[in-house]
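Have the viewer open as you read.

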Amino acid sequence: MIHPTPPGTRDILPEEMRELRALEAALRAAFEAHGYGEVATPTIEYADVLRRGDERYANAAYRFFDERGELLAMRSDMTIPIARLVATRMQDDEPPFRLSYIARAYRAVSPQRGQMREFTQAGVELVGAPAPEGTAEVIEVLSAALDAAGLTRAVVGLGDSDLYRQLLAEFGVGAEACDQILDRLAAHDLVGLELAVDEVSGLDPQARATLLALPGMRGGPEVLDRATDVGGEAVGRATGRMRATYDSLKARGVADRVRLDLGLLRDLGYYTGAILEVYDPALGHILGGGGRYDSLLGRFGRDLPAAGFSLYMERLHVAQAEEERQSEGQR
């Protein structure tokens with residue numbers, strides 16, 4: 001008789017568990033070497049806490065009532081619980097706070113798309129350090145974590161979460177059409193993006209050309225000059241922020257790992273300014289992401305700038321194995 005696990009979950013056998021524990025130890029050492037202390041939060045939170053952090057994404061959480069009738073939810077990421085922790089448990093301490101974690105999270109997703117319902121995240125949160133230096137520090141720690149995992153070829157994409165939102169407002173695009181365009185961008189669906197842009201009535205041809213040109217602008221600092229040539233106040237503000245971050249990364253010696261991406265957008269609603277996405281050529285999947293969330297702490301009563309990243313441990317492990325396999329094949 002076969003007793004399967006629910007879709008989006010899995011068993012882990014001893015050899016793989018040993019490899020995962022070794023990977024966790026390497027990441028913890030990298031985080032600690034940069035001054036990030038490990039914290040833990042409850043697996044379950046009040047549903048209102050997750051909704052306060054990101055009302056739209058709170059729907060991805062598994063929710064249930066406890067014995068008193070309180071609506072609880074299993075955390076769907078670690079950033080919101082840590083924002084709550086800093087605003088409540090550390091309210092009398094002076095920032096900046098450098099915090100790290102390795103923890104399970106749970107999302108009500110469609111497993112048919114290859115997504116996991118139960119997964120492990122490893123990451124850091126830097127609270128109280130503004131851009132661009134705070135962003136550059138987070139990327140420096142991210143680069144060190146990838147090196148510690150043996151993923152020396154992994155690339156960090158750097159974009160700006162406010163670019164398209166502000167650009168669409170500048171072009172007078174309505175709320176419903178705006179949501180459709182942003183959803184296509186977050187899903188990396190360029191065909192769907194073009195269809196969504198074409199459905200916007202009364203859009204100026206130059207505005208259409210700008211919206212469709214920016215997602216193809218990826219590379220080094222030269223793409224910022226190309227984007228500036230496209231024009232627009234929103235583009236100018238975003239490229240200015242990205243240039244300042246890139247200059248800080250060059251000063252820290254980690255700019256070579258970063259690929260600027262004018263079309264990058266993530267589906268979490270609390271991001272402001274810089275956003276990150278991590279991918280490895282050996283795997284082809286996104287290994288993690290992050291960015292700035294300067295308004296999130298204020299929702300919990302302590303207004304502080306913040307940035308961070310999280311990596312999916314399961315994907316890191318697969319990428320690590322693939323890197324080792326390819327390295328052995330080249331010998």
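Q: What makes this arrangement of strands a sheet, and which order do the strands take?
A: Nine strands form an open sheet with mixed pairing, in the order S1-S5-S6-S12-S11-S10-S7-S9-S8. Strands are DSSP runs of E with at least two residues, helices are runs of H or I with at least four, and both are numbered from the N terminus. Two strands pair if DSSP finds at least two bridges between them. One thing to keep in mind is that this is a predicted model, where local features need pLDDT of at least 70, side-chain atom pairs count only at pLDDT 80 or more, and totals for chains, interfaces and linings use all residues. Residues are numbered from 1 along each chain as its sequence is written, and side-chain values use heavy atoms, with hydrogens and water left out.

Q: Why are S1 and S8 called edge strands?
A: Strand S1 (37-38) and strand S8 (218-219) each pair on one side only.

Q: How do you know that S10 pairs with S7 and with S11?
A: S7 (residues 155-160) and S10 share six bridges in the antiparallel sense, and Val 156 has Val 278 in S10 as its bridge partner. S10 and S11 are antiparallel too, over five bridges, with Gly 290 in S11 as the partner of Leu 276. In the hairpin of S10 and S11, six residues lie between the strands, and Gly 284 takes a positive phi near 90 degrees.

Q: Why is S10 described as largely enclosed?
A: Five of its six residues are buried, so the rest of the structure largely encloses S10. Buried means under 20% relative accessible area, exposed over 50%, and partly exposed in between (1.4 Å probe, protein chains only).

Q: Why is the pair of Tyr 270 and Tyr 293 called edge-to-face?
A: Rings of Phe, Tyr and Trp (its six-membered ring) pair if their centres lie within 6.5 Å; planes under 30 degrees apart count as stacked, over 60 as edge-to-face and the rest as tilted. The structure holds four aromatic pairs. For Tyr 270 and Tyr 293, the centres are 5.9 Å apart and the planes stand at 70 degrees, so the pair is edge-to-face. The two are 23 residues apart, with Tyr 270 in the loop between S9 (258-261) and S10 (274-279), and Tyr 293 in the loop between S11 (286-292) and S12 (306-312).

Q: Do these two tyrosines count as buried or exposed, and what makes it so?
A: Tyr 270 has 1% relative accessibility, so Tyr 270 counts as buried. Tyr 293 is at 2% and therefore buried as well.

Q: What makes Arg 315 a charge over a ring?
A: The rule asks for NZ of Lys or CZ of Arg within 6 Å of the ring centre and within 35 degrees of the ring normal. Arg 315 lies over the face of Tyr 312, at 4.9 Å from the ring centre. In the sheet, Tyr 312 of S12 stands opposite Gln 121.

Q: Why do the buried residues of H6 line one face?
A: Cys 178, Ile 181, Leu 182 and Leu 185 are buried in H6. Seen down the helix axis, the buried residues fall within an arc of 95 degrees, so they line one face; the arc is taken from the directions from the axis to the C-beta atoms. They pack against H5 (161-170) and H7 (190-198), where contact means heavy atoms within 4.5 Å.
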